[in-house]
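Here are some notes for a colleague who is looking at this structure for the first time. Please read them with the sequence and the model open.

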There are 2 protein chains.
Amino acid sequence: MNIRRLKMWRDQHRSMMNSAIVAVNSRQPYSPFSDELTNYEHAQIEQGEIRFKRLLDSKFQIDRRSSADLGEKRVGKETSPYGFPLGISYRAEHFDSLVKKANRSMSKWEHLSVELRSALLCEAITRIHADTFLFSQVGMHTSGHGFFMGFHANAVHAQARALESVARICQITAELTQQVDSELTVGDAQPQRILRNFQPKPAGLSLVYSGRVAPTWGAYPCVFASLAAGCPVIVIPHSEAILPLALTVKAIKSVCAEAGVSADIINLFCSDNDADYRKAAQHRAVKLIDYMGKSEFGKWLRQHAWHARVMTQQSAQTSVFVHSTDNYDGMIENLAFGLCSYSAQLCTSPQNIYVLKDGIQLPDKIITVDVFQRDLVARIDQLLQRFQPPRDLLGVIIGKQTVADIRQCEGARFAKVLRHCELLQDPEFADAQVLTPSVIAVQPGFSSSLDYYASEVAGPVSFVIVKDDLKTVARELSYVGQEFGVLGLGLYAIDANVEKAMKCVSADIGALLSVNFCGNYFISQCSVFTDIHGGAVNSSSDVTYGAPGFYHSRLRMTEDRTVVCTP
Amino acid sequence: MNIRRLKMWRDQHRSMMNSAIVAVNSRQPYSPFSDELTNYEHAQIEQGEIRFKRLLDSKFQIDRRSSADLGEKRVGKETSPYGFPLGISYRAEHFDSLVKKANRSMSKWEHLSVELRSALLCEAITRIHADTFLFSQVGMHTSGHGFFMGFHANAVHAQARALESVARICQITAELTQQVDSELTVGDAQPQRILRNFQPKPAGLSLVYSGRVAPTWGAYPCVFASLAAGCPVIVIPHSEAILPLALTVKAIKSVCAEAGVSADIINLFCSDNDADYRKAAQHRAVKLIDYMGKSEFGKWLRQHAWHARVMTQQSAQTSVFVHSTDNYDGMIENLAFGLCSYSAQLCTSPQNIYVLKDGIQLPDKIITVDVFQRDLVARIDQLLQRFQPPRDLLGVIIGKQTVADIRQCEGARFAKVLRHCELLQDPEFADAQVLTPSVIAVQPGFSSSLDYYASEVAGPVSFVIVKDDLKTVARELSYVGQEFGVLGLGLYAIDANVEKAMKCVSADIGALLSVNFCGNYFISQCSVFTDIHGGAVNSSSDVTYGAPGFYHSRLRMTEDRTVVCTP
């Protein structure tokens, strides 16, 4: 092992690491990597696109391999949502063989100090950051991001999440590491000294199932926390978003190689047989499973991989209650942007908009529900004009069912369609599904409407739901939160009582409450190092990024105690 | 709710609470309640016995009930291991009805501050402490404790564990509660202020399955942590050890009644149908399950109650490696006491004693294996002479299979019996099973011997296992730890390399390592507030009392954030 190199990286990244630890303790916002495009060179952006194109139709090489591996099995059928196949193939190794490698690599990795493990991971994060515009492109062509979303969610913000995880593990490791020297007197006997030593150890092999919507942002907290804790990691990427994780694993492996650390602390598992993904979870060597995605597979994992600690973030939606505001224009702008951005494919995008039948209270007047609905639709239309091409804002639809799902909502008996979802022709990508938002007013008196909007409908559809009073809104949100899951809750209110009531509701159902978000900071946004993510209480979700429990679960505590005999 | 009373209790218990919080942070030993008998009045001890006898053959009244409940169903068939039926019956309420009550009680309970919840729980702990000698008796007549074990494990040490849990939850609640005021600048826009509020919330309904060996010591950490966190608790006691938990629940309920807090924050579930205990775990309202006991039911819980967070401490044994010592006599005394105390029915009692074939190195000579075996057996015999009646030391056997299990070990082909287990006639309790320890030398060359000693054999049997060298011992302990579970590891060594190697092994398998414990502080002992308990890595155990993760699991984190608009 090249300890000198590790120490060099530690010194190089010391200031970033220290800032990160200060940030996780204080929860004050910290941006290790700028998310302003203007802080980057245009050449970097171009280079990202060139490098992405060079990857197309290639055999992805995750590490340096001998020629003996040329006969290896390869898989991979990713298709860009922008309408072309990536043509990239990945090595398909047996899961059992990856487990063996992981277990072999673990002993040396866990015996490195957390400081040196963090140094290596910081170096990896820094290199991933240097590839930011490659990751932006990759986010577009695996997850359908618009360019800006790829830059944020698939690159700089994900990198921040990775660093946050490393910092959290450092902090918790320090908390769990204690030496205690104490005196013990039992009965009349002579006092004895006991030296105690408390030390965290990694929980063991960590399996991370990454998703498609935000592959790196979703997976990095798990991957980097597990690695920092000393756990080897096997990543099982979504079959349509292998590339972002393959690039990540490759970056970590190359840093390992330079430091003389076994590159098997992280591996990628790909298969063309879905059954293999289930079998992997059932391997007895797996101690931790992270999963973010559809509830069905999450539930399956909990039921069948009960030998491991299974942590899932499952489907949940985001709702908004528009009660009153002193910044009506800023509110409308914020909502309209939320409905358009990445076609509301994030589970943190607003979907259900509650208003009271009496309208929206402004300081000097009341806006009726009708006017609000018109203003919202009008602002969406204006926004779409501002972005040329619109796909920069809307991104591309990734769900094959999305259009059909939205049409079904629009055609439902309860639905009064305020704005129809339209398919736009993109000038550059003829086969890309670019959709504009559908806005549906839920007509009262149809009890079946909840079947449509209580769960997440991935994609650009929102429901304006009119209720009689605060109490009715609170009751429905509580019910939906307990039964279906509400991840985020937006609130516009200048009435302290309403704010107080909604704080109770959101805490009860584990929704992140965002109050009076106007202008250009959005409900769907999350300040890494500061905001938590996850926590909806619907039965099978139990993971919250940024909350200590998420990091503690990767470490177990050990103790030895020595009596200093006085014979 | 009687807030004034809660505040009075808070003030009364403030100094104990503060000391407890200091102790959990520093891990310095802290004894809120003396475990020296001499610090108690003889009258208290007598009173405990009288009160216990008064409970016999009664209808246990867990709270004040109206006469309407006289027709209720009652269950309970506890038999004292000392040889007589307790004749106590308990109300058997439907689990569904207990769940409804728990959920109704939760809202007010969780909305009390953690400070006032703690005040109520401290008052309950103090009252339980006042009943210490009742609990000692109850420990004897449900768990087969000797009087002293009942006093320690079923009373004062369990009370300390309860207080420790409350302190931990206070500390974690403080850690998770944060207000953050920060400025946000997005692009060129005017900076905005965001006020963030982080708050922990209880995870939800907590189910605690308590065991028989150490019913209160095992259950209190879970019960009091959950209650302090704001979770309502339903306790499902072992059918042979209902009374200790019934008394505990009653004490908490009576404190609740005085404070005007719903007494349904805690309830006891008893049934005469084992299937009901499984059905309870599958109730969807249950969010947390704590279980301590046999692996079979622990595994069942993990497989079938996957909707909840299941935390289990399952069967595991304790081993000792006798390498070298500078206090041979103190070591022999310590080991012999460990084999006798409570007939080694605790999983933390030594079971497997490893020695090297070359014998035990003393500063000036070597003790051969033969001499060591003779000395150990002789010391056991001496010890038994010292305690009159011997049941004060040995306690009473609770397992129906124990004698047969031990006889099977003694009769196994690998076994050279150094000391046969004998049934003693107790002068006072004719039907009590008082057994003296069996010591078996494992003859080499029988691979089947591991089938006998790798798992826990509850009861007074130990195996002396001779190995060639340190490496062979380490390898076997690693294997047994991974596959079967090693909870504790004793080591006698004056060689720093041996100590270092065994520290690695014990940390790998999650065993609490106790080095050079001589005289009267025993491997099986645990300084509450200081030592952790649990953590053996065999697959389905994942609970460590005293480690932060155990307490974090009872809380989830919530956030609200408010933009202070600058319109």
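1. In this predicted model, helix α5 (residues 132–143) of chain B and helix α6 (residues 147–176) of chain B have axes that cross at roughly 110°. Angles of 65 to 115 degrees count as roughly perpendicular, so α5(B) and α6(B) are roughly perpendicular to each other. Their axes come within 7 Å, and the crossing is right-handed.

2. Which residues form this contact? On the α5(B) side they are Thr132(B), Phe135(B), Ser136(B), Gln137(B), Val138(B), Gly139(B), Met140(B) and Ser143(B). They meet Phe147(B), Met149(B), Gly150(B), Phe151(B), Ala153(B), Asn154(B), Ala155(B) and Val156(B) in α6(B). By class, the contact of α5(B) with α6(B) has nine nonpolar and seven polar residues, and no charged ones.

3. Between the chains, 62 residues of chain A and 62 residues of chain B take part in the contact. On the chain A side, several elements each supply at least two residues, among them β5 (178–184), β6 (192–202), α10 (295–304) and α17 (496–509). The largest share of that side, eight residues, is from β25(A).

4. How do the residues of the side of chain A that touches chain B divide by class? There are 21 nonpolar, 26 polar and 15 charged residues on that side.

5. A strand pairing also links the two chains: β22(A) pairs with strand β25 (residues 555–564) of chain B in the parallel sense, over three bridges. Within β25(B), Asp560(B) stands opposite Leu513(A).

How values were computed
Residues are numbered from 1 along each chain as its sequence is written. Chains are lettered from A and ligands numbered from 1 in the order in which they are written. This is a predicted model: local features need pLDDT of at least 70, side-chain atom pairs count only at pLDDT 80 or more; totals for chains, interfaces and linings use all residues. Axes are lines fitted to C-alpha atoms, for helices over the stretch in contact, and angles run from 0 to 180 degrees between N-to-C directions. Helices (H or I, at least four residues) and strands (E, at least two) are DSSP runs, numbered from the N terminus. Angles under 35 degrees count as roughly parallel, over 145 as roughly antiparallel, 65 to 115 as roughly perpendicular and the rest as oblique. A crossing is left-handed if the near helix is turned anticlockwise from the far one by less than a right angle, and right-handed if clockwise. Two residues are in contact if their C-beta atoms, placed from the backbone, lie within 7 Å. Ala, Val, Leu, Ile, Met, Phe, Trp, Tyr, Cys and Pro count as nonpolar, Asp, Glu, Lys and Arg as charged, and the others, Gly among them, as polar. Two strands pair if DSSP finds at least two bridges between them.
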